[in-house]
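This report describes a few selected places in one protein model. It is written for someone who has not looked at the model before.

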Amino acid sequence: MASDARQLSLFGRLLSAMPNWQRDTEVPGVQLYDRALFTAVLSLIGFGFVMVMSASMPEAQTLTGNPFHFMTRHMGYLIGCFVIAAFVLRVDMQTWQRLSPIMLLVVGLMLVAVLLVGTTVNGATRWLSIGPIRIQVAELAKFAFSVYMAGYLVRRHQEVRENSKGFYKPIAVFAIYAILILMQPDLGTVVVLFVGTVGLLFLAGARLLDFFALIFTGILAFVALVLLEPYRMRRVTSFMDPWQDPFGSGYQLTQSLMAYGRGDWFGQGLGNSIQKLEYLPEAHTDFIFAVIGEELGFIGIIAVLAVLLFVALRAIRLGNLCLVMDKAFEGYLAYAIGIWICFQTVVNVGASIGMLPTKGLTLPFVSYGGSSLWVMTAAAMTLLRIDYERRMSLVQAVQGRLK
């Protein structure tokens, strides 16, 4: 694509910190990027900053003596988001496709490194420390595996549709990733990867026999993993009846439900949550949605879910449009990101309202956590890049016919 880096400067109007991007590339009457999607992602990130500040102040005061400790760190993460966005928007999709096997290998080696020299927090070894920065490699694995699956389905599409061997090859790669991540341990990320893999194989037209066999095997594996680990079993039993032990295994969920109950329709008002005053553990990370419910009420919950649903559906629609234009890699990657955002939202919200066992997954774009926020930003910017290239292809096709 000619002058690709210059053409991508169309994003500059919304990225005011880069005013010189918009130069000599406008096509009259044509919008070359998805402004609605970009605005939705920015809104979620900005809203997340406000809610992290509100939810984290009591715990920050207790732990560090500085109520703005987590807010300050989150601001640093937002700067990282800006840098990541500027980089990802300039990387064309052919580069992602070409580098997908290398990305998969590098992230796999990082997962091994986590087990050898990783940082342990709350009994889980999930982070690699690089100077002052801690990276949760499992978050990178979600993005790397999505890119790999999209590339694989382009290379082996016919084989996946007609041959069991083509179907189970990516499952073998997933199994290796799953084992490494489970050793951290992190069952939640494994479930997200599994759902994304199954979803993509289904959309790629895999045979139903292989598809249902994989789902059945996945369910059996999940049940076995729960039964073999006492702490996972306690999470399941407490999720089924948290009030049976409200000050023990059911404590976190009962406090979360109290937060929702206090929120009612319109909430207690921003900053007026009681549960965040160290009653609700992980109020600014895994259970930030409960604080949103308490402070902003049912109306606030619906608004946040509506924006997240819009982003997920926009990604699925983009995948459909790309496949129609024979942009298979871009289409499958957009599908993967849409499934990922949608399912992770469902798991996070479901855990906080007692519909699913606690999995330790963040709310996309909203929860505190640098790795999650950075990877989600990269995924969202990848969607924007996919859409930009799709629109540019349409513009060039029209210009070619006019000539």
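Helices here are DSSP runs of H or I with at least four residues, numbered from the N terminus. The model is a predicted one.

**Serine 273**

Serine 273 sits in the loop that joins α11 (251-263) to α12. Its relative accessible area is 4%. Because buried means under 20% relative accessible area, serine 273 counts as buried. Apart from neighbours within four places in sequence, serine 273 is in contact with Val291, Glu294 and Glu295.

| Partner of the serine 273 side chain | Distance |
|---|---|
| Side chain of glutamate 294 | 2.6 Å |

**The largest nonpolar core**

In soluble globular proteins, nonpolar side chains tend to be buried together. The largest nonpolar core of this model has 101 residues. Trp96, Phe145, Leu153, Leu201, Phe365 and Met381 touch the most other members of this core. Helix α12, made up of residues 288-324, gives the most to the core, with 13 residues.

What does tryptophan 96 touch, if residues up to four places away in sequence are not counted? The residues touched by tryptophan 96 are Val88, Val91, Met103, Phe143, Val147 and Phe329.

**The second largest pocket**

Rolling a probe the size of a water molecule over the atoms shows where empty space is left. The second largest pocket has a volume of about 610 Å³. Its lining consists of 26 residues, and two or more of them come from each of α7 (164-182), α8 (187-203), α9 (208-228) and α13 (328-352). Helix α9 provides the largest share of the lining, 8 residues. Val191, Phe194, Gly218, Ile219 and Phe222 lie nearest the centre of the pocket. Sorted by class, the lining has 23 nonpolar, 2 polar and 1 charged residues.

**Alanine 224**

Alanine 224 also has its place in helix α9. Is alanine 224 buried or partly exposed? With a relative accessibility of 34%, alanine 224 counts as partly exposed. From C-alpha to C-alpha, alanine 224 and phenylalanine 87 are 41 Å apart in space. In sequence, 137 residues separate the two.

Methods: Residues are numbered from 1 along each chain as its sequence is written. This is a predicted model: local features need pLDDT of at least 70, side-chain atom pairs count only at pLDDT 80 or more; totals for chains, interfaces and linings use all residues. Side-chain values use heavy atoms; hydrogens and water are left out. On a 1 Å grid over the protein atoms alone, a cavity is a set of points where a 1.4 Å probe fits but cannot get out, and a pocket is an open set with protein on both sides within 12 Å along at least five of seven lines; lining residues have an atom within 4 Å of a point. Grid points are joined across faces, edges and corners, and a volume is the space filled by probe spheres set on the points. Ala, Val, Leu, Ile, Met, Phe, Trp, Tyr, Cys and Pro count as nonpolar, Asp, Glu, Lys and Arg as charged, and the others, Gly among them, as polar. A nonpolar core is a set of buried Ala, Val, Leu, Ile, Met, Phe, Trp, Tyr and Cys residues joined through side-chain atoms within 4.5 Å. Buried means under 20% relative accessible area, exposed over 50%, partly exposed in between (1.4 Å probe, protein chains only). Contact means heavy atoms within 4.5 Å. A polar contact is a pair of N or O atoms within 3.5 Å; within protein, one must be able to donate a hydrogen and the other to accept it, and residues adjacent in sequence count only if both atoms are side-chain atoms.
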